[in-house]
Amino acid sequence: MRKDHYIKLWLKDFWGIFTHELKLIFSDSGVMVIFFLAGLAYPILYNLMYLNGVLSETPIAVVDYANCSDSRRFIREVDATRECTVKYRCVNTDEAQTLMRDGKIRGYLYFPSDFGEKLARMETATLSAYADMSSFLYYKNILLAANQVMLKEVGSIQMERYAAAGFTGIQAESLIQAIPYEENNPYNRAFSYSLFLLSAILLVIVQQTLFYGMSMLVGTAREENRSFASLPDKLEGHGVGRVVLGRGAAYWLIYMGISIYIACIIPAMFGIPQRGEFWEIILLLLFFVTDCVMFSMTWSSLITRRESVFLLFLAMSPVCLFLTGFSWPTTAFPEFWKWFSYIFPTTFGCQAFINLNTAGGDLGTAHDQMVALTIQTIVYFALACIAVYAENWYLHHKEVLQEKKRELAAKAGVDLDEDRRIIAGDDGE
Amino acid sequence: MGFWHNIGAVARRELRIMRNRPIYLLGSVVTVAFCAIFFLTFLKQGLPHDLPIGVVDMDNSSLSRNFARQLDATQLGKVIKYDTFQDAREDMQSGKITAICMIPKGMYADVQASRRPTFTYYLNGLYFVGGALSYKNILTMINLADGAVQREVLRAKGVNEDAIMGRIRPVDVDVHQIGNQYTNYGYYLTNIFLPGVLALTVVIILIYSLGAELKYGTSRHLLSTAGSSIVTALAGKLFVYTLLFSGIGLILILLMYDWMHFPIAGSIWNMFLAIILLILASEGVAIFIIGLLPVPRLALSIGALYSVLAFSMSGFTLPVETMPPYIQGLAEAFPLRHYFLLFSREVIFGTGFAGWWQEVIHLLIFVLLPVVVMYRLKRAYIYQNFPKK
């Protein structure tokens, strides 16, 4: 009977806190901008930006001192690649360098005057490629185009040379390429920039917008002399669990919706591969969103004013993105940053999403990340409870603490009242 | 006289506010310092070492073992052996390895008998840097293995060593990376990311500072301190913040190009100028946003959304010319984009003023933005007739 009563009361409190939090969320325009404008529009914007993730036809120039049939063929073939287009033919390197400085070309090929002679003498002929390193993609394209054409040229020149040495047909072929190779890049065929970036960025958007929005509400509550953590009065200091779960449920509900949109609908809209099983992605999102809610509840409890979260933590977004290991590989993280990355749900969530959704693995491939997300959720749930408990303790001992602060300020010679007047805009003068 | 006196009064008032709200210094100095430490230590290696590459050796001959050893011995690679392709594939899908090399059964025997066995490799292109570098590494190693076979045959035929080289490699490409000759990933990212973080901080802090006057209803006090002139009020505030942020900016430039020895073809003085222009332009944007939308809670959210986009829009990762045309136009609305163009002319090519004067003009246009909204901001400050929060 008593137990039944307890459960009823628990659910009633939970429901009250849950609906109250939802009301707060939907009546705050700033939070709505972050949750819905950012949560819904950012993924679209990023997709539009990176829609065409492959850089093609990088403009280059050629400086051809050799001017022989071999160099001309080489130039034609480079021009024919997807990666580069030969825009200018320069008479000397100065001209090419000027063009590069003006940003008209992103690199140039230089054929020395002995290029043809060396080929005729059956020696190694060297050409030089120069690349603008302001974006690594320019470099990658020029390197790739030059190397592809070089390998092809090598093949045909070798054929001639071996024929001259008396090797023909299959014999020559097996010499030129004793071990032919086959290349596979199953998940990202053209090394498209958008595929790898978007797979990582989508879940970072989920975590960051949730964290910013929740922190804004916590800050607002504190400014208005309310607290994010007020416990139901009748319980006299009990009921931390239902405050954390009740508030969490409100965000969880909204963010399950937003994250399904971001992780399932957005990729479908923009044709990002969805190789994972739908239900496995949903399962991942369940774990991830729960973790993000607990993560945000823990850290947002440090926020004292509405705006502070942007002032303090906006720059963390790119940092979080790097800590997912999507670009700089996790194996090369310095030890400290590896541990630091365990703070964020995205570190595991993004990797799991990439493995499941884009690489098309089954749940087994995301096993480690799922375990990590679970551990994180438990830890952050405990921390969020502690934060609520500590906040209540503070509220009950506020008077004493403020007295202490005043004493300290007096010792340091700062007149708090005068400062307050100035901030409040009263004319002290 | 009154003008200068009032500016001084506003600046003193601002300093006092900053003392009382440590968030201003935490949000600017500490945030930028944290990011500087992050990018400079996180990417310290420049190029990642020992990327895990899976090798499935079905052949187990001296040739295949030698290949795996050589791959392992490269600076870039670290070989992890698998018994079956299935195991290797699962590890690649879970992101543990960057590539898989399949060495077919009987490869050595096939090579000896000129039967041309096919070597197959799989790349994980979802982890960009790791995948691309392993690709380069495997390609080099397989071409070397190929060359070794050719050399053996040619030696057996009695061709002399000089002629062998000419036959194995008739054409060679010699690549020169201008502006970053070691392909250092740390230089590449930090060069733009740190100024980007600074620009973001400027926008946020300034919107907050101007918005706080509305939020706490102190805007009339600010105006009266400034002698009822919005220009003086803004000038006084900007004086404090420009000094603060320029200090941070100069330290960043010194940190990168002097202390950490990032390659720079041009002059460090020009980069000082560039970062100060970036700061001024960002201040212009901040005033524009809060003036257009004098509701602190919205202005700050919008400012945050705008600032984060700048990193992608600057085009230093995926070049802007790859983006759709309407996005290309939008990219011009970000000061960081122009800073990046200025940077690439000065730091990579060392063109001097002649190369980047247009970017200076673009950045200065941002500085003029507040003029458009100044009157509106003043009215908001006087009447305080917008939602306060």
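The following dialogue discusses how two chains meet in a predicted model.

Colleague: What should I know before reading the model?

Modeller: Residues are numbered from 1 along each chain as its sequence is written, and chains are lettered from A and ligands numbered from 1 in the order in which they are written. This is a predicted model, in which local features need pLDDT of at least 70 and side-chain atom pairs count only at pLDDT 80 or more, while totals for chains, interfaces and linings use all residues.

Colleague: How many residues of chain B are in contact with chain A?

Modeller: Two residues are in contact if their C-beta atoms, placed from the backbone, lie within 7 Å. Here, 104 residues of chain B contact 95 residues of chain A. On the chain B side, helix α12 (residues 296-313) gives the most, with eleven residues; helices are DSSP runs of H or I with at least four residues, strands are runs of E with at least two, and both are numbered from the N terminus.

Colleague: Which strand of chain B is joined to strand β4 of chain A?

Modeller: Strands of a sheet pair through backbone hydrogen bonds, either parallel or antiparallel. Two strands count as paired if DSSP finds at least two bridges between them. In this model, eight bridges join β4 (residues 125-132) of chain A to β5 (residues 171-178) of chain B, and the two run parallel. A:A125 has B:V171 as its bridge partner, and A:T126 stands opposite B:D172.

Colleague: What is the strand order of the open sheet?

Modeller: The order of its five strands is β2(A)-β1(A)-β3(A)-β4(A)-β5(B), with mixed pairing. The edge strands, each pairing on one side only, are β2 (84-90) of chain A and β5 of chain B.
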